[in-house]
Amino acid sequence: MMLKQLPETIPQLVQAAAEARGAAPALVERGETWSFSRLWQESRAAISAMLSHGVRQGDRVAIWAPNRREWILAAVGAMGCGAAIIPINTRLKPTEASDILVRTRSKLLMTMRDFLGTNYVDSLKDATLPDLEKIVALDAQWSDFISKGAGPSDPEVDAALSRLTADHVCDIMFTSGTTGLPKGVISTHGRVIPMFDEWARHMALGEGERYLIINPFFHTFGYKAGWVAALLAGATVYPMASFDAARVIQHIEEDRINFLPGPPTIFHMLLAARRETPFDCSSLRGAATGAATVPPELIRRMRSELGLVDTVTAYGMTECPAITACRRGDHEELIAESCGKALAGLELRVVDDAGLPCATGRPGEILVRGYGVMVGYLDDPDATAAAIDADGWLHTGDVGTLDDDGYLRITDRKKDMFISGGFNVYPAEVEKRLSGHPGVAQVAVIGVADARLGEVGKAFLVLRPGVEATVEDIAVWAREQMANFKAPRFYEVVQSLPINAAGKVMKDLLRQ
């Protein structure tokens with residue numbers, strides 16, 4: 001059962017969920033179960049602590065951490081003050097994270113002392129971050145941070161919440177761009193709440209269902225389609241800090257998980273594990289997948305072998321996180337071959353190069369208009385104007401077709417982008433970083449097929465004369481300079497790159 005009346009903002013959503021569901025379980029982690037009431041009280045304490053540290057309307061609070069309850073509390077705490085959160089991918093290197101912190105002028109950073117062997121706090125010790133006033137380690141300093149506030153009964157919390165509206169910016173999420181520089185996508189509470197209320201309805205996410213959130217909170221799939229959707233539906237959140245097939249299976253068996261979204265890679269791994277050692281998946285009901293090509297056979301096996309009878313595919317992007325979704329009961333081929341129909345309240349259009357609507361089945365650029373489209377790109381009016389036209393249509397850069405029933409099929413990407421393990425990789429950004437190696441004269445990156453990750457990067461290198469550099473050296477350097485999903489897996493040294501008359505690299509030839 002969804003909430004009777006949609007709240008305007010995410011903090012007010014936590015409050016409304018507590019008022020409607022009280023003692024029902026909202027979150028289970030580290031051996032503790034928090035009710036919706038407890039989650040709201042902890043959130044109020046986080047808002048009070050943020051206020052005591054000087055966080056105010058219009059500020060930015062960055063979160064560079066894995067899935068855990070403190071991530072949610074830090075987010076709601078910052079938003080409750082009128083600040084926007086800046087989710088940062090945990091796979092980014094310190095130089096990449098620093099760039100985001102500087103460009104957003106983040107005031108606070110909530111991060112980790114230890115995650116998968118990395119001390120994120122120490123990794124930034126040499127970074128120049130002029131606007132950053134404080135770093136808080138969620139795994140070591142959260143209690144101390146909270147103690148500086150006046151607690152959940154702080155009247156300043158109510159005053160801050162009373163000033164919060166649907167038009168306030170709730171987050172700035174970074175998506176790489178074809179220019180090579182990551183772009184900050186600005187969104188508001190009023191865009192997120194109705195969009196993921198509608199998304200949760202399509203997923204049939206129900207009150208009391210157990211939702212294992214493997215998708216990272218720094219990504220729309222784990223944050224907005226994750227714990228925000230769960231709060232809207234009244235589902236119980238089970239956060240996972242990192243994917244591990246054995247632990248996922250343990251959660252499924254012991255916690256009786258019902259809803260399990262993720263990229264196709266996760267389901268391939270679970271199917272392989274179950275074939276090796278059968279496990280009890282009788283509690284599973286639904287899944288949402290996408291972000292890569294989904295074979296019909298995978299959908300069939302997810303339903304028949306994992307019990308995910310309500311498996312659907314969906315399509316979205318950071319600039320408009322939920323655009324289309326399949327419907328429950330759609331047949332396997334339709335789910336695998338399409339991205340579903342537009343969500344209620346969104347308009348979808350496929351246009352030719354002249355901007356005219358394409359006939360049914362004819363490919364063209366996918367445009368979307370409606371309540372979920374971003375405000376724009378951070379400090380980049382030119383890029384915003386190029387993405388959203390004068391009539392409010394967001395030009396996705398994806399190419400697709402619409403059938404007679406309104407189902408969308410993506411056939412190509414106008415943007416030079418590929419998807420690796422569910423993460424968008426923009427070759428321009430990778431090429432720019434690889435060009436920083438002293439041994440690289442020219443570089444071109446493409447995506448190549450990979451059985452596990454969908455696609456991985458391959459770099460074609462023209463080496464700089466007179467500089468000693470091997471492919472192995474460059475590969476090691478690249479892994480140090482960029483997140484692992486961006487770093488190419490394959491390298492090929494060439495004498496020159498194929499270019500056209502305009503001097504642009506002909507990547508079609510490289511793909512051949």
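These entries cover cysteines, then ring pairs, then charges over rings.

I am working on a predicted model. I looked for disulfides and counted 0. I then checked Cys358, which is in no disulfide. Its nearest cysteine sulfur belongs to Cys339, 16 Å away. A disulfide needs the two sulfurs within 2.5 Å. I also read the accessibility of two cysteines. Cys358 has a relative accessible area of 22%, so I noted Cys358 as partly exposed. Cys281 is at 7% relative accessibility and therefore counts as buried.

**Ring pairs.** How many aromatic pairs does a search of the whole structure find? I got 11. I took Trp71 and Tyr223 as one example: the centres are 6.0 Å apart, the planes 50 degrees, and the pair is tilted. Trp71 sits in helix α3 (residues 69–80) and Tyr223 in helix α9 (residues 220–233), so this pair ties together parts 152 residues apart in sequence. I found both Trp71 and Tyr223 buried.

Next I looked at Phe218 and Phe423. Their ring centres are 6.1 Å apart with planes at 20 degrees, so I logged the pair as stacked. Phe218 is in the loop between β9 (210–213) and α9, while Phe423 is in strand β21 (residues 423–425). The two are 205 residues apart. Phe218 is buried at 10% relative accessibility, and Phe423 is buried at 8%.

I also traced a cluster: ring pairs link Trp71, Phe217, Tyr223 and Trp227.

**Charges over rings.** I noted Arg21 over the face of Phe36, 5.8 Å from the ring centre. Arg274 lies over the face of Phe279, at 5.8 Å from the ring centre.

Definitions and conventions: Residues are numbered from 1 along each chain as its sequence is written. This is a predicted model: local features need pLDDT of at least 70, side-chain atom pairs count only at pLDDT 80 or more; totals for chains, interfaces and linings use all residues. Side-chain values use heavy atoms; hydrogens and water are left out. Buried means under 20% relative accessible area, exposed over 50%, partly exposed in between (1.4 Å probe, protein chains only). Rings of Phe, Tyr and Trp (its six-membered ring) pair if their centres lie within 6.5 Å; planes under 30 degrees apart count as stacked, over 60 as edge-to-face and the rest as tilted. Helices (H or I, at least four residues) and strands (E, at least two) are DSSP runs, numbered from the N terminus. A charge sits over a ring if NZ of Lys or CZ of Arg is within 6 Å of the ring centre and within 35 degrees of the ring normal.
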